[in-house]
Amino acid sequence: MAAPEQDEINEPASNMELKTFQANFRTLSQEEGIEEDTQQNPLKIICVGDYTGGVRTRGIFIKDYLGIKPTVRCHPFTCIDFYLKKVERQKLGHSSRNSIVVQLCDIAEMERFSAMTKVFFKHSQGAMVFWGPHNPSSLAGALQWRRKIREDISLPIPCVLVTDNVTDSCSSSINWIGPGKIFESELALDQFCKDHNFENHFEITARDWVSGEKSVFGQAVNCLLDGILQSEKKEEQSCV
């Protein structure tokens with residue numbers, strides 16, 4: 001193997017990390033004509049969280065949302081994956097519906113400890129924070145991610161808490177709400193979300209690649225889009 005060039009040896013570690021990030025960059029989209037719409041700055045939503053003990057990868061939920069039925073289950077070794085989805089939304093205060101391109105960024109759990117996290121979060125307008133009752137410690141990890149979002153993003157963005165309660169065919173979903181469980185009641189869960197500034201909570205209990213935007217994942221995305229568009233309307237009104 002050839003020896004590295006002298007410039008590579010002296011290259012700062014931050015530059016090397018950036019090159020790794022660029023090498024791992026991947027975009028997945030099945031939308032026709034989406035390339036033209038991406039020129040209008042897509043709405044960026046980050047998907048973060050620690051290992052949930054459920055489906056093992058948030059990319060599975062994203063692909064279900066995009067309507068992709070994978071024939072082979074793969075686990076790409078990348079630190080961040082990008083996905084694009086075109087949706088029809090009606091902006092608040094407008095009568096017509098417009099096409100909006102949503103950019104979903106799936107950021108690997110180990111990146112919570114990386115110096116590159118702030119780069120990955122740049123220009124984010126919404127966040128989905130995952131945890132799973134199959135790995136209860138991931139709830140503490142979700143709070144760490146929520147704190148990281150507040151620290152690294154200058155403006156507050158809407159965030160939702162997503163529970164990955166999906167299992168394989170040999171086991172059932174965990175009942176995690178009730179006396180003596182992770183949350184004593186639905187009211188306790190609602191208060192938890194309020195205390196930590198989550199807009200809402202969504203629980204995924206089964207794979208659903210048919211429902212698309214009507215799936216639980218799709219509902220979470222729509223909740224964030226409502227928050228994002230509402231914030232944009234307030235900014236427009238403040239500039240008048």
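**Note on the cores and aromatic contacts**

1. In this predicted model, the charged end of K85 sits over the ring of Y65, at 5.5 Å from the ring centre. Y65 itself is buried, with a relative accessible area of 1%.

2. The structure contains six aromatic pairs. One of them joins Y65 and F217 in a tilted arrangement, with 5.4 Å from centre to centre and 50° between the planes. Because Y65 belongs to helix 4 and F217 to helix 8, this pair ties together parts that lie 152 residues apart in sequence. F217 is also buried, at a relative accessible area of 4%.

3. W176 and F183 make another pair; their ring centres are 5.9 Å apart and their planes stand at 70°, so the pair is edge-to-face. The cut-off for that class is an angle over 60 degrees. W176 counts as buried at 3% relative accessibility.

4. F183 is in the loop that runs between strand 6 (159–164) and helix 7 (186–195). Its relative accessibility is 6%, so F183 counts as buried. Beyond four places in sequence, F183 touches W131, L139, W176, I177, G178, A188, L189 and F192.

5. Helix 7 has L189, F192 and C193 as its buried residues. Viewed down the helix axis, these fall within an arc of 95° and therefore line one face. L187 and K194, on the other side of helix 7, are exposed. The cover over the buried residues includes helix 6 (137–152), strand 6 and strand 7 (201–204). After helix 7 comes N197, which has a positive phi near 60°.

6. The largest nonpolar core has 29 residues, of which I45, L104, M128, F217 and V221 touch the most other members. Elements that each supply at least two residues to this core include strand 2 (43–49), helix 4 (58–66), strand 3 (80–89) and strand 4 (98–107). Helix 8 gives the most, seven residues. Another core, of 28 residues, lies apart from this one, and includes C105, M116, A127 and L139.

7. L104 deserves a separate entry. Leaving out neighbours within four places in sequence, L104 is in contact with I45, C47, I62, Y65, D81, F82, Y83, F217 and V221. Among these contacts are Y65 and F217, the two partners of the tilted pair in point 2.

Terms used. Residues are numbered from 1 along each chain as its sequence is written. This is a predicted model: local features need pLDDT of at least 70, side-chain atom pairs count only at pLDDT 80 or more; totals for chains, interfaces and linings use all residues. Side-chain values use heavy atoms; hydrogens and water are left out. Helices (H or I, at least four residues) and strands (E, at least two) are DSSP runs, numbered from the N terminus. Buried means under 20% relative accessible area, exposed over 50%, partly exposed in between (1.4 Å probe, protein chains only). Contact means heavy atoms within 4.5 Å. The arc is that of the directions from the helix axis to the C-beta atoms. A nonpolar core is a set of buried Ala, Val, Leu, Ile, Met, Phe, Trp, Tyr and Cys residues joined through side-chain atoms within 4.5 Å. Rings of Phe, Tyr and Trp (its six-membered ring) pair if their centres lie within 6.5 Å; planes under 30 degrees apart count as stacked, over 60 as edge-to-face and the rest as tilted. A charge sits over a ring if NZ of Lys or CZ of Arg is within 6 Å of the ring centre and within 35 degrees of the ring normal.
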